[in-house]
Amino acid sequence: MLLAGGLLAALAATGAVAGALWAQQPSGQAPVFRVKVDLVVLSVSVTSRQGRYVTGLKPGDFRVLEDGIAQKIAFFGEGSQAPVTVEEGRAAAGAEGSGSPGAAGVNLASDSFVGTNVFILFDTSNFMYRGFVYAEDAIADFLRGLDRADSIAIYTFSRNLSRATPPTRDRMLALRGLRQSVAGDDTALYNALLLTLRDAAQMPGRKVVIVFSNGPDNASMLAPDDVRAVAEDEGIPIYVISTSEVNKDPISGNVFRRITARTGGRAYFAKTWQRQTEAFQAIREELGHVYTVSYYPQPNPNEGWRSITVELTGDAAKKYRIRTRAGYRPKL
Amino acid sequence: MRYLKQLSCLLAVWGGAAYAQETLTPAQKLERTGEPLRARVVLARAAELNPRSVGALRAYAEFLDSYNDPARREAYQKLLDALGPEESAERAEVARRLALVDLVAGDREAALRGLQIYRDAGGRIEEEVERALGRPVAGGSPATSETIEIPGALRSFERMAALSGDLGLSELLPALARNLVTSGYQAARNTEGLEPTEYLKLLSRYISQARELAQMAGPDQVIRISTCESSETGQLIKILGYRLRNGCGDDAVLETVNASRAFLTTDSGFPLAELEEALHKNQPFQYEFRPAKVPVLFGPAYWVSGEKNKQAADFLDVLLADPALARLYLAFIEKLVSKDDGWLASYFDALARLDGRPLEYFTEPARMRRFYLAVRGRVTSPGPARPVFRSNAELMLLTSRLQIGTDGVPRIPGGLEPWKQLFVNHPQGKYDGKLTRAANSWKAPDDLVEALFALCRKPVENEPLKIFLAISEVDRNRKIPLRPATITRLINEHRVYGTQYALLSDAPSLSDETILAMLDTMAGLSKIKDHGQRSDTIGMFQALVSVWQIFCRQGQILESQADRPLKSLTDLFAAVKNDRELFDAGRSGVRTLLSATGSSEGVSRQDRMLELLAGNAAPADQETYRQAVSELASLFELQRLVSLKTLFDLADHLESVSRGEKLNVAMANRLAARISEIRLPRTTLTSVEKNSFSFGYWTEKHVEEQRKLNLRQAVEKAAGNPEKLKETRGLLAPILRDTLVGFSYIYYAPPGAQIIRTNPLFVRSHDFLGVLAAVRTWRETELFGTGWPSNGGGRLLGSLTGLAYALAEAEQNFLVPTQRQALIWGDLVPQIILSAKVPRWWQVSAVEQHWLALHLRLGEELLAGAALEPKARERILEILGRQMTPARRFRIATLLAAGQARAAIELSTPSELYLLARGHLDAAWRPEGLAQAVCRGPVEREIRRLAQAEPSRANPARISEAFGSPHPTLANSYRPELLNLPTFPTLMGYSSRVLAESWESNNLYWATLADELYLPPAQLNLLVPQWTQKVVERIFATHLEDWPAVLRSLRWIGDDYRQKARRQLLDEVKAAALN
């Protein structure tokens, strides 16, 4: 298993620990085993009935089912802390911060697994022209308030995507990228969202995409649900802050609600600057309280859509509400 | 002196030849077997072991020279050092060569040193050349008297004025004038006048804000804030449109207070984040706010002379406020335009792009006048000068593409009669009463051409010209011209099937019978009543024909044998009556195509099809080839298409079941499992959303029926009835259609292929019928449904003829511009991608690649030679002038006179350099000075040697075939070729599409780059799409005719790759030398 660890860690660094293929080669004449493993990473938020985030839960408080099959939690983390290896329902002591690979070869103390990679996708199409500067102010406030461990990427889009600032922990760089945004023309939200998800998928660790848009999309070649499927498969929650009034564009509103709910994120409809700031605050708070629950799927013949259910055990199950992605498709 | 030059020239050749007998042979052998890098190592070692051997040093230097290897300068220097004073003729020759090479590299100082050695060895240099090279390159700000000041940072102004940051200072105001003309004004809502657009309003407001900031910056032109609390802080942030939230200190944050001003601040790129940080830390902030001095043509006073208060009038304000002035500044020649509304200018514009026989034909004085009168008409208004874009598109297409025979007479397909009938009987509807009457008395081709000219002036679509050009292209390369009856049929049916004629242009050996049969079959298929069956039948037929076209283009079906398989396909589908027959026709079609490529019967049809689509690779290129096959297989898989093997095995099994065998449930389940992977994202849509999908019904149904297919149930239902059991394989027909259509989709998949990778229904959603009543079955492929919430994703509509272009068009917006503010150039990029995807280089050898690269190098040398030889300059400029506008030619002439050869080279496109070399080589004359310059060069010698040694590969026709690009609009064909036309402007009705088709430089440049880096041509198959993507992403253009932005991007990406690859190459050379 140790031999596999190094390779897996290397793969994890480039491929978000998914679809890793490794060889087990113990000493002696034992045969080589090849096993295809997808580490499934879930971002789980737990709230009380009053909507307050619940902290301090342990791995043993969670039960994960995939297509109804109980799963063994491999890694567990809360907020911006690095996930730790789980042994028999408990977080393994000493793994965190040791810098050594965990049991499955994932370097838990690696910088990449601390904090969240936040991709902000900012609509600079001409729809946004009037509220452009207010939106910038709201995003700037959000950036300033993020945990220092979080890395930020600022992407803007109109007809095309622009990678204004690649993922960085340098707030100044991120602000500079934001403040240098340029107004564009048409709105190809779902095209841009796909490209952002593809970039995010390349990053190790936890990641989210926050879309700041007022819709409607008028130039994408892709359907929202095709893009949503990519987010589900990659385990990337999508948050949307829409500046349009939900009543005036119900179809966009429905789609925003659907793609955010299915990926474990949330949609906010915030026409005013004040509401936008509040929406960002809510997202920031959620990022700081979300649990990271990861597992290697148990044998499952289903190569198509696999549904995921996360439950709380014991008394917590009755008191709290859980939100996470609905499922995924294993990589072929 | 003349004898000295000739002697040195001979010595150079003899020197190389003598040494060739000892060492060059193995090196040449290596080079000819496609291993130039090893040849380089052999020659380098020989030169190293024989440091005093002039032969060894020369062989190495000239080898490097012919590959544009940067080590050539050092190698020539060593050769020069090895030559003693007694060898003055040879020293002079080498010194001059070195000077030429230095000049090409842009090192003018080194070139001057080389020339001085040349002179010391007895050579002669013109004084003006020496003076020019000794002068520093003029740069920086032009004379103050001819400039204006633009307030603030130039980049900020460029951002607000939508100008590329790559523009030179002298290009700035013409580009601004163009933007003002095209985007600055719109028709006023309440009056007949014009009113400024949002673009112009913002620009004006920005200038006003920049002036306020300039005032604040003061005489030293720096905006300074000492501390957060200083009074300047409040003044600055007020101008910027912000305020300080929370006051100074740790919580200091800038917040918008005036949205209009704040937008200008951020959109112009003011360093707001830096200001905010300085305020936050209570540190000083300073920002240089120097105005940019920009040259004004004829000086600003000339343009503001009409203003009442000349002193106060600011040129920039006047230009922004007066659309007429902007037009004038954009080089509209007012008198020429006012005389006849611009018809003569437009006519000249079209004729100025011609060369050779067409030029002679059109400029014959009587004819020129006749055609001018035809195009101008009696009433000149509305003229072509009125719109923003040139409206002489059809005039340009006609003059560029009319074929003139060696007898000086235009080639009219089918003779005059079919065309007379078109005008007289007007089967497509009446065009022009006067022309109809005149057509009765047509006697000569000029009469038809005159009529076509006359139609060019009409603002409506010029159908006869479109028909004429399309059929001319079909007939252009045919050894046996089409019969008049066939031409008549093609004319009459152009309106419905015209788009399909591109297929006929691609295969000039098609018989009249096959063409007519194809028209019959297409007409028959269009009459199938059942929509689903019609869609599947037409889809499958078009898919097989599309694959046939690919195999023909790739040489897998020989040109001489292209007719039979197409005729077979046509016959197969003409007879289809039901789904079972459709499936059988599709299967037989696959067999026909594979058989035509010489594939053996026993191979896996699926694997073979993918292998053939990937190309025909030489054994040495197997690794590259495997990557290409693997990429195709991966895209096929991502679309969840069902393999031919699965389908044909299942069909065979169903046949056995009809004979009494038991159904193999596992086999049926495999298909069912595959189909169940087809996801329908729309299942999650609400009823409101579903109601918005009123179109696309048939594609929805097509996909839905596949999802519902239950083969097992169908077999059970038909149990006991052999005939019904046989029919069950008809259920596989829609699936086979998608598989066959999918082959073309994956073949033409653009770089990135995000849609194919993300939307698994993309191939299945192809709509062969059309929306509601608009039948699109045989029309050009087009995009439909972009922009949510129209449907479950965009799809393609129409025939497969323009599939490659449509896929590129659909994919272009997934490319990510790397320059801030740049957007993907919508009308140009699909064609640029097309030029990277349609040509394949598996059958191209290192000979073609090297021969082409030598031409581009010779082109560069000729320009450098023209800088060294004033006598030769005019001749070189004359050749270049055939491809360039007078303004560019003038600019190049100026640069050459100033000894700035590198700048002149950078300004020339690769295709111009190629044509310059061809023009030089083809010319019967030889300018005295220039002949001396190039006869010593190994480049021209090598071009001539290869042309003799490898006549089938080293010739212009083969270069055109190997490194050309497709021209669906200009040549109505997807077959790659070089048309060698000057770069077109943006044309009304075509936007930048014709411009992009006339841009043939990319593949020439890539091939030259590959040659320079000793890469085999097969690697171009993988590299060119990647390189092209980068080029597209880096283009930073100001307007729709800004093709120099493409050239800049091309050279930038090439230089970047060259730099990285050369580092790796050096390591490889070192490693090879050690072995």
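Is N972(B) buried or exposed? N972(B) is buried, because 23 other C-beta atoms lie within 10 Å and 20 or more are enough to count as buried. The legends below describe close-up views of a predicted model.

**View 1. N972(B) sits in a loop between two strands of chain B.** The loop joins β11 (965-967) to β12 (973-977) of chain B. Phi of N972(B) is positive, near 50°, and the residue is not a glycine. Most residues other than glycine have a negative phi.

**View 2. Y1014(B) lies in the loop between helices α54 (1001-1012) and α55 (1020-1034) of chain B.** Y1014(B), which is not a glycine, has a positive phi, near 60°. Y1014(B) counts as buried because it has 22 C-beta neighbours inside 10 Å.

**View 3. Helix α11 (residues 231-240) of chain B has buried residues.** These are T233(B), L236(B), I237(B), I239(B) and L240(B). They lie on the same side of α11(B), because the arc they cover around the axis is only 155°. In an α-helix there are 3.6 residues a turn, so residues three or four places apart point the same way. The cover over the buried residues of α11(B) includes the helices α10 (198-217), α12 (259-267) and α13 (272-281) of chain B. It also includes the strands β4 (222-225), β5 (242-245) and β6 (253-256) of chain B. After α11(B) comes G241(B), with a positive phi near 95°.

**View 4. D102(B) belongs to helix α5 (residues 88-105) of chain B.** D102(B) is buried because 24 other C-beta atoms lie within 10 Å. Leaving aside neighbours within four places in sequence, D102(B) is in contact with R73(B), D107(B), A110(B), A111(B) and G114(B). H967(B) is 865 residues from D102(B) along the chain, and 38 Å separates their C-alpha atoms.

**View 5. Y60(B) is among the residues with the most contacts inside the largest nonpolar core.** That core has 384 residues, and I120(A), L121(A), V209(A) and I210(A) are also among those with the most contacts inside it. Helix α45 (residues 846-868) of chain B gives the largest share of this core, 12 residues. Apart from its neighbours within four places in sequence, Y60(B) is in contact with L43(B), A44(B), A46(B), A47(B) and A75(B).

**View 6. Four strands of chain A form an open antiparallel sheet.** Their order is β5-β4-β16-β18. The edge strands, β5 (69-71) and β18 (327-328) of chain A, each pair on one side only. Between them in the order, β4 (residues 62-66) and β16 (residues 306-312) of chain A run antiparallel and are joined by five bridges. E66(A) stands opposite I308(A) in β16(A). Chain A has eight helices and 18 strands, and 52% of its 332 residues count as buried.

**View 7. Chains A and B touch through 44 residues from chain A and 40 residues from chain B.** On the side of chain A that touches chain B, at least two residues each come from α2 (132-145), β11 (161-168), α3 (171-179), α4 (189-201), α5 (224-234) and α6 (250-263) of chain A. By class, this side of chain A has 23 nonpolar, 10 polar and 11 charged residues.

**View 8. Domain 1 (2-134) and domain 2 (144-295) come from the domain assignment of chain B.** Their C-alpha centres lie 55 Å apart. The assignment also gives domain 3 (351-527) and domain 4 (846-1074) of chain B.

How values were computed: Residues are numbered from 1 along each chain as its sequence is written. Chains are lettered from A and ligands numbered from 1 in the order in which they are written. This is a predicted model: local features need pLDDT of at least 70, side-chain atom pairs count only at pLDDT 80 or more; totals for chains, interfaces and linings use all residues. A residue is buried if 20 or more other C-beta atoms lie within 10 Å of its own, exposed if 12 or fewer, and partly exposed in between; C-beta atoms are placed from the backbone. The arc is that of the directions from the helix axis to the C-beta atoms. Two residues are in contact if their C-beta atoms, placed from the backbone, lie within 7 Å. A nonpolar core is a set of buried Ala, Val, Leu, Ile, Met, Phe, Trp, Tyr and Cys residues joined through C-beta atoms within 7 Å. Ala, Val, Leu, Ile, Met, Phe, Trp, Tyr, Cys and Pro count as nonpolar, Asp, Glu, Lys and Arg as charged, and the others, Gly among them, as polar. Two strands pair if DSSP finds at least two bridges between them. Domain bounds come from an automatic or database domain assignment.
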